[in-house]
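Visitor: I would like to learn how to read a few features of a model, one at a time. Please give the general idea first and then the case at hand.

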Amino acid sequence: MHHSIEVTELTFSYPDGHRALRGVSFSIAPGEKVALVGPNGAGKSTLLLHLNGILRGQGSIAVCGQPLSEATLGAIRSAVGMVFQDPDDQLFSLTVFDDVAFGPIYQGLPEAEVRVRVEQALTEVGMADRAARVSHHLSGGEKKRIAIATVLSMEPEILALDEPTSGLDPRARRDLIRLLGGLPMTMLVSTHDLRMVRELLPRTIILDGGLVVADGPTAELLNAPDLLQAHGLEMP
Amino acid sequence: MAFILTVSLTPLGAWPVYVLLWSIVLSAEILSGLGVGYVLRRASLALPFALAALPLVFTTPGTPWLQFPLGSWQLTLTLDGLLRFANVAVKSWLSVQAAIVLASTTEFRDLLLAMRAVRIPRLLVAMFGLMWRYLFVLVDEALRLMRARAARSGIARRPPEAARSRPGGSLAWRGKVAGGMAGNLFLRAVDRSDRIYVAMLSRGYDGEVRSFASRPVPPGARVTLAIGLALLGLLWLGGLLVWG
């Protein structure tokens, strides 16, 4: 059986010469829920952007058994649902419906099917009554949920989330954790919210300076105060 | 659109036609429940642009009406020029009113759908859509920048001997700050556009704009449109025959 995500010796430098990733390797099994933690500038977002081929570094990446290449790019982008930190970047259409329909339309689905997908995705995040709303007038928590719906409508195998709980009030955060907990997909979540990690994600990868410095069960890593402190983290 | 076209094609001096055209806009304003005052107030915003036509008053050759010196020049107001200027002003005023009625009664989304239905290129329509969506995000961002400036624009409690210097800095310095803010806003907008593009790519965007096929226009709307177009055509023809 293949892994959901298999990253081997991935290195990447930004055009200004900054080396963001310096030989990252890990693999994630189907259905596994993994946290990606580490200080600011550790390379977490850069790593996420590699998973669907937005950034292309050296090394190899395979998603759902398919090696990432020009030919598999389309398939991989619809297999990896990428949710960005700022929902205002993710919600670029005029209405919620248009945004959630964007992915399925580009997957080439017929209109009737797209409508079903949108309906399902919005129901899953509890926002079915917001379809006709204009994204600009939604609250932060609602935007976040709809941002997740925009990728659920593509029925991805993997969800990659960048800072899903940042900027949310406690109730919106709680609702979001409950929502994520109920989703069956493989998950890779980049975050600073270690309490959420403990609750939701059984495995943790700590990234620092473009390297994987620890990879193991969350319960173990989050109970190692020295390790956490050495990488700019705090025990939850 | 057809209305604006008719307005701009109506010949010079066909005043009765303008009155009729105006009555069409007025009735649309009243029927849509916007109120005439609302539209007029907004239309006055566009009036300064009509000033661009002011030189016409002096440059159109014709019967001299008034002459006065301006420095070493001798300016001549001609009747024809005046007529032409009045025409431009009225035309722009009528067109702006029509545009305001459209924009205030129709949701932007429906406007986009309509644009799509009349076969305006999809890329252009998509750009309008993105512009509309991010205009507000950008305005919010500008407001945040301005708030941050206001929050730090305090006046220090100072000893009396320093009280002569004005708080707020020199005009040049403040200009520099405002320029910096504008630059900052631009950079943020560019960054955001990058992130949006990445978000679009992640969901399969491949450089081609796709959307559902546009809905067919209901027959009722077609009839209304035809009647409207016929009426406008009639007005234009009348104007052309009598005053053209």
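Visitor: What share of the contacts in chain B with a separation of 6 or more comes from residues 24 or more positions apart?

Guide: First, the ground rules. This is a predicted model, in which local features need pLDDT of at least 70, side-chain atom pairs count only at pLDDT 80 or more, and totals for chains, interfaces and linings use all residues. Residues are numbered from 1 along each chain as its sequence is written, while chains are lettered from A and ligands numbered from 1 in the order in which they are written. Two residues are in contact if their C-beta atoms, placed from the backbone, lie within 7 Å. In chain B, residues 24 or more positions apart account for 68% of the contacts with a separation of 6 or more.

Visitor: How many helices and strands does chain B have, and what percentage of its residues count as buried?

Guide: Helices (H or I, at least four residues) and strands (E, at least two) are DSSP runs, numbered from the N terminus. Chain B has 10 helices and 2 strands, in the sequence pattern α-α-α-α-α-β-β-α-α-α-α-α. A residue is buried if 20 or more other C-beta atoms lie within 10 Å of its own, exposed if 12 or fewer, and partly exposed in between, with C-beta atoms placed from the backbone. By that count, 16% of the 244 residues of chain B are buried.

Visitor: At what angle do α8(B) and α9(B) pack?

Guide: Two packed helices are described by the angle between their axes and the distance between the axes. Axes are lines fitted to C-alpha atoms, for helices over the stretch in contact, and angles run from 0 to 180 degrees between N-to-C directions. Helix α8(B), residues 122-151, and helix α9(B), residues 171-202, pack at about 145° with their axes 11 Å apart. The crossing of α8(B) and α9(B) is right-handed; a crossing is left-handed if the near helix is turned anticlockwise from the far one by less than a right angle, and right-handed if clockwise.

Visitor: Which residues make that contact between α8(B) and α9(B)?

Guide: From α8(B) come L138(B), E141(B), A142(B), L145(B) and R149(B), and from α9(B) come V177(B), M181(B), N184(B), L185(B), R188(B) and A189(B). By class, the contact has 7 nonpolar, 1 polar and 3 charged residues. Here Ala, Val, Leu, Ile, Met, Phe, Trp, Tyr, Cys and Pro count as nonpolar, Asp, Glu, Lys and Arg as charged, and the others, Gly among them, as polar.

Visitor: How many residues does each chain give to the contact between chains A and B?

Guide: Chain A gives 24 residues and chain B gives 22. On the chain A side, the elements that give two or more residues are α2 (73-79), α3 (87-90) and α4 (96-106). Of these, α4(A) gives the most, with 4 residues. The side of chain A that touches chain B has 9 nonpolar, 10 polar and 5 charged residues.

Visitor: Is α4(A) mostly covered or mostly open?

Guide: Mostly covered, as 9 of the 11 residues of α4(A) are buried. Among them are V96(A), V100(A), F102(A) and I105(A). The buried residues of α4(A) pack against α5 (111-124) and α6 (140-152) of chain A. Just after α4(A), G108(A) has a positive phi of about 85°.

Visitor: In what order do the strands of the open sheet in chain A run?

Guide: Strands of a sheet pair through backbone hydrogen bonds, either parallel or antiparallel. Two strands pair if DSSP finds at least two bridges between them. The 4 strands of this open sheet follow the order β2-β1-β4-β5 (chain A), with antiparallel pairing. The edge strands, each pairing on one side only, are β2 (19-28) and β5 (66-67) of chain A. Strand β1(A), residues 5-13, pairs with β2(A) over 7 bridges, and V7(A) has F26(A) in β2(A) as its bridge partner.

Visitor: Why does E9(A) count as partly exposed?

Guide: E9(A) counts as partly exposed because it has 13 C-beta neighbours inside 10 Å. E9(A) lies in strand β1 of chain A, and its phi is near 45°, a positive value in a residue other than glycine.

Visitor: Why is β7(A) described as largely enclosed?

Guide: Strand β7(A), residues 158-162, has 5 of its 5 residues buried, so it is largely enclosed by the rest of the structure. In a regular strand the side chains alternate between the two faces of the sheet. In β7(A), I158(A), A160(A) and D162(A) point one way and L159(A) and L161(A) the other. Strand β6(A), residues 80-83, runs parallel to β7(A) and is joined to it by 4 bridges, while β8(A), residues 186-190, is also parallel to β7(A), with 5 bridges. L159(A) stands opposite G81(A) and opposite M187(A) in β8(A).
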